[in-house]
Amino acid sequence: MHILTPKGFLKVGGAVLVLVGILGFVGVLGPSPERSIFGAPWYFDNAENWAHLVLGIVGLAAAFLLAASYQKMLVATLGVVGVLVGLYSLFGPVTEGVSFLGAQLQNPLDTLLHIVVGGWALL
């Protein structure tokens, strides 16, 4: 499996998102600053945890159920959305971050994460 193919992105990215979502729910990466191993600079609240879990499950399902052409379109869309969300979170104050669809995005760590993953998808 090559991680630079749409199918590879969906498999690896999907598995990582499911793991991150679960770790956010159980007190390793969130759901509050006090429960994250990174503290206030980087935690995943429950809105982010649900988003990560659902997107991860959808990504894994798409890797096995969608035709290659649909996988490519989905990954390209995820790449654009990831980069745009990363750029949006850049406008939040470094100490507080910015809210996006109920999720609190910390800047610079969430910003970097979304831009890097979005860029990976666009590759």
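What follows is a short chat about helix packing and backbone details in a predicted model.

Q: How do α3 and α4 pack, at what angle and how far apart are the axes?
A: Helix α3, residues 68–89, packs against helix α4, residues 109–122, at an angle of about 155°, and their axes are 7 Å apart. That angle makes α3 roughly antiparallel to α4, since angles over 145 degrees count that way.

Q: Left-handed or right-handed crossing for α3 and α4?
A: The crossing of these two helices is left-handed.

Q: Which residues make that contact?
A: From α3 it is V75, A76, L78, G79, V80, G82, V83, V85, G86, L87 and S89. From α4 it is D110, T111, H114, I115, G118, G119, A121 and L122.

Q: And how many of the residues in the α3 and α4 contact are nonpolar, polar or charged?
A: There are 10 nonpolar, eight polar and one charged.

Q: Moving on to α1 and α4. At what angle do they cross?
A: Their axes cross at roughly 155° and come within 10 Å. The two helices are therefore roughly antiparallel to each other.

Q: Which residues touch there?
A: F9, V12 and G13 on the α1 side, and V117, W120 and A121 on the α4 side. By type, the residues of this contact are five nonpolar, one polar and no charged.

Q: What is the span of α1, and what is expected?
A: α1 has 20 residues and reaches 28 Å from its first C-alpha to its last, close to the 28 Å expected at 1.5 Å a residue.

Q: Which residues of α1 are buried, and what covers them?
A: The buried ones are G8, F9, L10, G13, G14, V18, V20, G21 and G24. Their cover includes α2, α3 and α4.

Q: Now α2. What span should it have?
A: The 20 residues of α2, 46–65, should span 28 Å at 1.5 Å a residue, and the end C-alpha atoms are 28 Å apart, so the two agree.

Q: Which α2 residues are buried, and against what do they pack?
A: E48, N49, H52, L53, G56, G59, A62 and A63 are buried. They pack against α1, α3, α4 and the strand β2, residues 103–105.

Q: What is phi at G27 and at L101?
A: G27, which follows α1, has a positive phi near 95°. L101 has phi near 50°, a positive value in a residue other than glycine.

Q: Where is L101, and is it buried or exposed?
A: L101 is in the loop between β1, residues 98–100, and β2. L101 is exposed, because its relative accessible area is 77% and the cut-off for exposed is over 50%.

Conventions:
Residues numbered from 1 in each chain as written. Predicted model: local features only at pLDDT ≥ 70, side-chain atom pairs only at ≥ 80, totals over all residues. Heavy atoms only, no water. Axes fitted to C-alpha atoms, helices over the stretch in contact; angles between N-to-C directions. Helix = DSSP H or I, 4+ residues; strand = E, 2+ residues; numbered from the N terminus. Parallel < 35°, antiparallel > 145°, perpendicular 65-115°, else oblique. Left-handed = near helix turned anticlockwise from the far one by under 90°. Contact = heavy atoms within 4.5 Å. Nonpolar A, V, L, I, M, F, W, Y, C, P; charged D, E, K, R; others polar. Expected span 1.5 Å × (residues − 1). Buried < 20%, exposed > 50% of the residue type's maximum accessible area, 1.4 Å probe, protein only.
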